[in-house]
Amino acid sequence: MKIMKRFRYPISLGSSAILLALAASSYDTGLLTVSAGQAAERTPDSSSQEVGAAARTTSGLQVVYDFHSSEGRNVEDRSRVGPPVTLQVSDENAVTRREGTLDVTAPVLIASDEPAQKLNTSIPSTGEVTVEVWIRPAKIDQSGPARIVTISQDPNGRNITLGQDGDKYDVRLRTTDTNANGIPSLSSPPGSLTTDLTHVVYTHDRSGRTRIYINGEQVAEAEIGGSLSNWDGSYRLALANEFSGDRPWLGTYRLVAIYNRDLLPHEVERHFQLGPEAAHASKLADARTQLFNNEIAPLLTRKCLECHDSYAKAGGLDLSRKKAALAGGESGKAIAPGSAADSLLWEMVASGEMPQDRPPLSDEEKASLRAWIDGGAQWSTDFIDPAVYLYDRPRGQVWLQRLTVPEYIETVRSAVGVDIDEEARKILPPDLRADGFSNTAYNLNVDLGHVEAYAELAEIIVGRMDVLEFAARFSESRSLSTDDTMRDFVAAMGKWLLRGPLNEREVTNYSGIATTVASAGGDFEEAASGIIEAMLQSPRFLYRFEDQRGDGTAWPVGDYELASRLSYILWGAPPDEELMRAADEGRLTDPNELAQQVERMLQDARAVSRSLQFATEWLDLDRLSSLSPDRNRFPDWDDDLASDMRSETLAFFEEVVWTQKRPMADLLNAQVTFATPRLATHYGLEPQRDGLTRYDLASIPSRGGLLTQGSTLTIGGDEASMVARGLFVLHDLMRGVVRDPPACVDTTPVPTEPGLSQRAIAEQRLANVACGGCHSKFEPYAFGLERFNGLGAYREIDEHGNKLLENGVVLIPGAEQTSRYESISELMDLLARSDRVSRSITWKVTQFALGRPLTAADAGEVDRIHETASADGGTYPALLKAIVMSDLVRMKQTEAMP
Amino acid sequence: MKTGTISRRTMLKSVGGVTIGLPLLEEMLVSSATAAEAAVPVRAFNVFFGLGIPAPLQTEGFDGVLEPLRPLADKLLIMRNVDQIRCDESGINAHYDGATGSFTAEPPDGEARAGGPSLDQVVRQSLYPEGLPPEMVPTLIGGTFFRRSRVGRYVHSYKHDGTVAGTMQEKPRDLFDRVFGRVGTTDDPDARRQRLRRSVLDAVVDQYKFYTGANSPLGATSRARVADHLQRIREYEQRVYALAGRDPDSPDVPPPSDVAHGGEADPGGMGIDITLEELTTEWRLMADLYALAIQLDRARFGSITFLAAGERIRLTGDYEYEGRKIFHFDDAAQHNATGDQGCSHEWWHKYNPEKQNEQLRAHAHMKMREVAYFLSKLDDPDAVEANGKTILENSMITISTESGDGRHNDVKRELSGVFHAITGANGRFKTGEILDLNAEGIDVYNTMIRSMGAEGQLGPADREMRPVDAILA
């Protein structure tokens with residue numbers, strides 16, 4: 001172990017230290033809500049509880065004790081993460097308990113009855129740990145070290161212990177590089193421990209970086225190598241003493257929290273500033289936030305917003321916005337925070353009068369609504385976006401991701417250097433689209449055809465490889481003996497092919513093939529071939545495996561898991577050697593290193609290919625391969641035009657995103673395109689060179705942007721349906737939500753005729769009370785596209801002589817006011833400037849990156865991704881970087897194990 | 001035991017009178033003196049067991065660890081003081097040397113090759129130079145074993161070039177498929193390829209099984225997805241291996257094996273835990289099927305292995321013989337050790353002629369019981385042939401092992417006094433005796449070859465032959 005202490009002591013007492021002094025002073029006089037007071041002081045427009053809820057991180061939290069129970073022997077774990085680790089006071093006479101405080105006045109053991117299983121499991125799993133305390137030591141002359149917090153067995157065996165050693169703090173951490181007693185330990189500098197109320201934080205990350213902070217300031221740092229895999233699962237958690245009873249600590253506890261990740265310096269600083277009461281305040285606020293996010297917002301979306309959103313606003317009441325909802329409607333205030341009985345909304349719902357002409361709320365829904373109003377009607381957002389609540393993913397349900405066909409092809413190419421594109425596309429069953437993308441994990445199921453294809457492809461792949469040359473990358477030996485070098489060879493090759501180290505079971509399993517080959521008189525090449533063939537069909541090759549065991553909360557992803565997430569998100573391919581090295585060395589946990597890796601990977605051609613896959617999926621370009629317009633109506637149609645349209649859009653996407661490096665929203669109005677002579681003629685452009693050629697559209701106001709390209713215009717079919725085009729814009733560019741038409745509605749398209757253009761037919765629908773409510777949300781987007789026929793050709797008069805228009809008025813989802821446009825180009829500019837469009841693209845790219853539909857639980861993080869990417873230019877690389885750096889990628893949802 | 005025995009009679013009954021395509025079955029059922037000589041084929045098999053019997057224990061005859069062979073004593077020739085020291089190859093593990101030399105008389109030649117042919121193959125090649133009838137498996141190799149690494153530990157039939165004479169069938173089901181599935185020749189590339197593909201698929205299946213099992217790192221949702229994938233693989237497996245190429249008249253497929261196979265059976269030489277019941281259930285099913293293949297004349301040459309050379313298992317369970325409790329196996333606890341140091345293998349290394357060696361004796365006794373189980377299958381009423389003798393009596397069956405003393409510190413001692421036994425081969429060799437031969441294995445084997453009417457000999461061509469006539473009837 002390499003210890004490299006860096007002291008920055010004495011602590012410089014800044015404003016936060018002064019606030020702390022105030023806190024300590026107030027605390028000593030019994031004013032226990034002092035930290036909340038601090039928060040209110042700093043942010044006068046917020047309630048103290050809301051600030052606490054927003055500021056104190058719960059990511060990775062495993063146990064927290066806020067001592068807000070002043071009776072009995074139990075000290076409750078209030079983390080609400082997995083099974084609680086309840087502590088018991090061995091001698092009640094040795095402690096004094098007040099709300100939020102536990103004074104240890106005589107030697108005592110405060111310990112769990114059972115092993116601290118969730119700590120002993122989750123912390124080794126992540127390889128990271130934080131121990132955070134707010135304490136006041138009773139005296140300086142305590143040593144042993146005197147145990148403040150410990151997960152241990154006796155004086156000689158521990159997983160981790162934070163203790164007092166005279167005038168300094170000492171932390172012992174068991175790793176594969178330290179001994180069973182956690183020695184060498186890391187100490188704070190001499191004199192750093194005082195008898196004041198003190199915030200002490202110890203953090204250790206997977207790369208070995210280990211720090212102690214006192215009152216928000218780092219005071220010691222060391223590199224403690226090794227993994228935490230040797231933590232003893234049988235050890236219990238204790239406060240104030242060792243289990244042997246001979247290392248007592250006396251003093252006051254205000255807060256003890258343990259995380260399975262390392263808190264970052266800014267988080268430590270924030271926790272210090274929030275004070276010891278923030279955990280308690282955050283717990284209360286968190287419960288309210290959860291109620292709104294999980295119950296109320298979905299309920300309002302499903303039951304109320306059809307008539308009471310910003311567009312319909314029936315009775316003048318808009319329940320989609322916090323400010324408008326609390327303001328009320330034509331009948332006055334609808335919600336009286338704190339009193340459901342005084343709320344008109346509750347009265348109407350309770351009586352069954354609302355929802356009008358719809359089924360009443362269930363008893364459970366009514367109970368939630370009433371509890372929410374009685375609890376103060378807290379909102380966690382200013383605006384309820386229905387799209388956020390579209391998917392009701394069961395909490396904790398995590399789908400394993402199978403490689404899609406393109407991912408399989410690229411993985412084979414990257415892993416063994418064989419191009420299997422043609423065969424794979426021919427014999428692998430195609431991946432089907434779900435929720436707009438074909439990489440949606442829950443839909444990536446497996447049938448017999450997959451198994452047959454994987455077996456056949458594995459044989460073909462190995463047949464094309466120079467197996468001996470490939471094997472030489474991992475072993476110089478040609479021995480078949482599993483006692484000799486075969487196991488090492490399997491381990492090395494498997495780590496590469498399966499994207500992470502193999503365990504003993506796996507090495508043994510694959511080595512068995514060598515045994516069989518040997519017993520059949522085969523040689524090393526045959527054995528290596530068989531092993532590769534097996535690995536190519538193994539679950540770890542065909543799926544993106546992650547350890548999903550946990551407690552139902554989000555945990556940091558492992559090094560190799562993160563490497564795979566990065567590579568598949570950015571490239572749709574496995575990690576390269578550089579990325580594997582970074583994972584080997586635990587460097588990916590360092591945000592700077594991670595950012596550098598992303599920058600490097602975005603320079604690779606595979607990043608471009610992956611982005612084109614996104615565009616293909618997002619815009620459903622594969623649809624073009626089956627485009628078959630009515631030949632009688634379009635006698636000049638050439639089937640090759642469909643292919644040209646696809647090429648146009650992909651080349652355009654690459655030009656805007658990669659060549660010009662423009663913000664993603666510019667895809668809507670960039671004045672450039674790419675066309676073959678055939679497509680240029682179809683568009684009415686003067687054909688230039690052969691092949692796909694770049695065309696500047698600055699002087700052609702009717703063209704420019706994705707929505708003016710044949711690939712998207714053909715979504716309307718031969719009739720250039722305004723419904724289909726409008727819904728495409730609403731769903732795929734706006735993330736707007738409309739309900740399906742009632743079953744009784746005749747949806748047969750009305751044909752155009754002299755005097756009746758598509759626009760005129762649409763306006764009739766909008767004027768219809770039964771249809772207009774929904775159709776007015778999307779058809780006006782298609783008004784601006786009316787001059788493009790079903791195949792994307794531009795005209796100003798239709799075949800019946802009707803004059804075609806290009807103006808309209810749209811209500812962008814989430815906006816309070818409508819927007820008017822007069823021309824195609826104005827509509828494109830409107831969309832390109834729209835924050836909603838920009839955020840929707842972020843949403844779509846994020847969905848594709850994660851391979852699953854996003855839910856309300858993701859909304860906050862997606863917002864942060866968007867803000868980060870926008871601040872960084874709003875480009876595709878900026879967006880990908882923000883996604884990869886976000887908790888959606890760096891954290892994984894675990895499932896609670898029985 | 002979890003399964004009943006399988007005999008020709010029960011097997012025939014199980015197929016409901018369907019005639020199994022057996023070219024010699026009718027002749028075997030005819031008890032005709034005139035047809036006897038022609039109807040009794042030449043057969044040669046080797047039965048191998050791991051770790052051996054220390055020479056001093058062999059002197060106890062059937063009163064010691066050889067007790068289970070006593071019921072067959074009249075049909076066996078026990079040969080003591082047979083020396084395999086010439087098989088020592090510097091730097092190579094003596095387990096491997098001794099095992100490879102067993103009935104080849106030659107040291108190994110590389111990881112997967114013997115130094116020469118095995119006895120059964122010399123006879124086969126000499127008497128059937130044009131090959132065996134196409135209905136037969138040319139060389140049937142099977143076994144219940146766990147130690148892997150080098151092939152010589154568990155395969156005991158080698159061709160003249162020292163390569164394996166057939167593919168090891170280590171699961172009863174595999175052996176069943178080999179006998180009743182598509183018929184192929186020794187070098188049939190399809191059969192061999194199929195075996196390797198099967199091995200690949202087995203490894204794949206094991207991976208999916210793990211990820212759907214109790215220790216899977218996956219949550220319930222993902223585990224269900226992988227379980228679905230595994231079901232599809234099972235379907236694929238069924239279509240590719242269970243349906244294709246199967247003899248339509250073959251009996252039902254035996255139950256799947258419950259013990260470890262492939263790589264899992266030998267986790268880096270550290271040994272596996274296994275109960276006596278698991279071990280004997282697997283072995284006896286294998287032994288039943290192998291014996292059935294011989295009875296049905298689907299195989300005339302080959303070898304069967306009960307525990308490999310240098311086998312590493314941690315055996316548990318009560319061991320009884322004829323209603324008498326012999327021992328309670330609990331290797332790890334009795335060694336007070338884990339991993340490889342807790343395996344029964346260590347009893348051989350700890351052998352001390354001055355002590356009782358209770359554990360080693362119990363293990364060796366149990367092995368003899370299981371060897372006797374197989375041999376007795378060839379000696380039951382179903383196995384009576386046209387000449388009125390049983391297959392056991394008519395065949396040349398050699399029983400071999402690897403070492404005569406488990407202590408690794410003296411190779412000469414370790415490879416001397418290696419236990420050997422043979423059957424009469426239709427009156428060619430003495431039976432009902434225990435002989436102290438004081439001879440080299442190579443001379444014993446070459447004497448047997450000559451007696452069988454086969455051409456050629458084992459070992460260096462220029463070596464002077466030293467016949468061991470004492471074994472001849």
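Which residue in E9(A) does Ser152(A) stand opposite?

Modeller: Arg158(A) stands opposite Ser152(A). A word on the source comes next. This is a predicted model, where local features need pLDDT of at least 70 and side-chain atom pairs count only at pLDDT 80 or more, while totals for chains, interfaces and linings use all residues. Residues are numbered from 1 along each chain as its sequence is written, and chains are lettered from A and ligands numbered from 1 in the order in which they are written.

Now the strands around that pair. E8 of chain A covers residues 146-154, and E9 of chain A covers residues 157-165. They run antiparallel and share 7 bridges. Strands here are DSSP runs of E with at least two residues; helices are runs of H or I with at least four; both are numbered from the N terminus. Two strands pair if DSSP finds at least two bridges between them. Strands of a sheet pair through backbone hydrogen bonds, either parallel or antiparallel.

Step out to the whole sheet. It is open and holds 8 strands of chain A, in the order E2-E3-E6-E15-E8-E9-E10-E11. The pairing is antiparallel. At the edges lie E2 (74-75) and E11 (186-187) of chain A, each pairing on one side only.

Next, the domains of chain A. An automatic or database assignment sets their bounds. Domain 1 is 59-266, domain 2 is 304-384, domain 3 is 401-544, and domain 4 is 554-564 + 572-590 + 606-898. The C-alpha centres of domains 1 and 4 of chain A lie 53 Å apart. Contact requires C-beta atoms, placed from the backbone, within 7 Å. Nonpolar covers Ala, Val, Leu, Ile, Met, Phe, Trp, Tyr, Cys and Pro; charged covers Asp, Glu, Lys and Arg; the others, Gly among them, are polar.

Helix H30 of chain A (824-833) is largely enclosed by the rest of the structure, because 7 of its 10 residues are buried. Buried means 20 or more other C-beta atoms within 10 Å of a residue's own; exposed means 12 or fewer; partly exposed is in between; these C-beta atoms too are placed from the backbone. Among the buried ones are Leu827(A), Leu830(A) and Ala832(A). Their cover includes helix H26 (722-733), strand E24 (819-821) and helix H31 (835-850) of chain A.

What of chain B? The contact between the chains takes 42 residues from chain A and 44 from chain B. H16(A) gives the most to the chain A side, with 13 residues. That side divides into 14 nonpolar, 18 polar and 10 charged residues.

The largest nonpolar core has 167 residues. Such a core is a set of buried Ala, Val, Leu, Ile, Met, Phe, Trp, Tyr and Cys residues joined through C-beta atoms within 7 Å. Ile531(A), Tyr290(B) and Ala293(B) have the most contacts inside this core. Helix H10 (276-295) of chain B gives the most residues to this core, 11.

Last, chain A as a whole. It has 34 helices and 26 strands. Buried residues make up 52% of its 898 residues. Its C-alpha atoms fill a box of roughly 100 × 90 × 50 Å along the principal axes.

Key. Two residues are in contact if their C-beta atoms, placed from the backbone, lie within 7 Å.
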